[in-house]
Amino acid sequence: MHTRRPFAEFIKSVGQDTARGSIAQKAYSMITEIMHIDNTFDDLSVTDRKKQHQLVLSEKVDAYFAWAKQKYSQVTHNSTIGKALAYSINQEEYLRVFLSDGHVPMDNNYAEQAIRPFTIGRKNFVMIESSNGAKASAILYSLIETAKANMINTFEYFNLLLTEIPQHMDDKDLRFIDDLLPWSPRVQKECPSRYKKS
């Protein structure tokens with residue numbers, strides 16, 4: 001997404017007609033095609049996703065970087081397009097990681113969406129007057145976002161935590177916590193999300 005964004009912004013600023021046939025339009029199209037293909041692998045296992053990345057996308061990613069390096073030599077390096085191409089080239093090692101690891105998504109949209117509530121809420125954080133308050137806030141945000149990432153109902157999950165944890169305050173053995181993790185079978189059964197894929 002970060003690689004594609006400056007090209008998209010350039011196209012928006014000059015208009016679709018003016019951008020037609022430009023380096024920005026070509027880069028945008030190449031990256032978008034790779035992203036669309038990658039989206040079709042979302043429901044695959046980690047192993048199968050990696051195989052598909054290698055079989056289907058590796059060649060397209062190679063072509064994009066070869067093209068970007070060629071075009072970079074033809075543009076003013078300090079221009080908008082020059083800087084956008086330079087970003088691709090400079091970040092190539094990291095932008096390719098998704099090809100060799102099925103756990104790694106092609107883009108960081110999920111991470112950005114997960115931290116968005118936190119960044120929106122930070123203006124309210126001036127009300128947190130201690131490091132303990134800041135730690136409590138971080139723990140709550142982490143719990144909420146982990147619950148969402150595991151497709152469970154956050155309200156029901158917090159209800160379960162606040163009901164169950166007080167019953168174990170004197171326990172020396174903390175293994176009960178394993179049953180309360182968002183991915184545990186118990187939590188998945190007791191706190192299903194209304195939006196969970198079937």
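What is the handedness of the crossing of H3 and H4?

Modeller: Happy to! Please keep in mind that this is a predicted model. H3 and H4 cross in a left-handed way. Their axes come within 10 Å and cross at roughly 165 degrees. An angle over 145 degrees counts as roughly antiparallel, so H3 is roughly antiparallel to H4. From H3, the residues that take part include Ile23, Ala27, Met30, Ile31, Ile34 and Ile37, along with Lys26, Glu33 and Asp38.

H3 has another partner in H1, which spans residues 5-14. Here the axes are 9 Å apart and the packing angle is about 135 degrees, so H1 and H3 are oblique to each other. This crossing is left-handed too. Phe7, Ala8, Phe10 and Ile11 of H1 touch Ala24, Gln25, Ala27, Tyr28 and Ile31 of H3. By class, that contact has 8 nonpolar residues, 1 polar and no charged ones.

H3 and H4 also turn up at the second largest pocket, where each gives two or more residues to the lining, as do H6 (92-95) and H7 (97-100). The volume of this pocket is about 430 Å³. Its lining counts 20 residues, with Met1, Thr3, Leu95, Met106 and Asp107 nearest the centre. Of the lining residues, 15 are nonpolar, 4 polar and 1 charged.

How values were computed: Residues numbered from 1 in each chain as written. Predicted model: local features only at pLDDT ≥ 70, side-chain atom pairs only at ≥ 80, totals over all residues. Heavy atoms only, no water. 1 Å grid on protein atoms, 1.4 Å probe; cavity = no way out; pocket = protein on both sides within 12 Å on 5 of 7 lines; lining within 4 Å. Points joined across faces, edges and corners; volume = space filled by probe spheres on them. Helix = DSSP H or I, 4+ residues; strand = E, 2+ residues; numbered from the N terminus. Nonpolar A, V, L, I, M, F, W, Y, C, P; charged D, E, K, R; others polar. Axes fitted to C-alpha atoms, helices over the stretch in contact; angles between N-to-C directions. Parallel < 35°, antiparallel > 145°, perpendicular 65-115°, else oblique. Left-handed = near helix turned anticlockwise from the far one by under 90°. Contact = heavy atoms within 4.5 Å.
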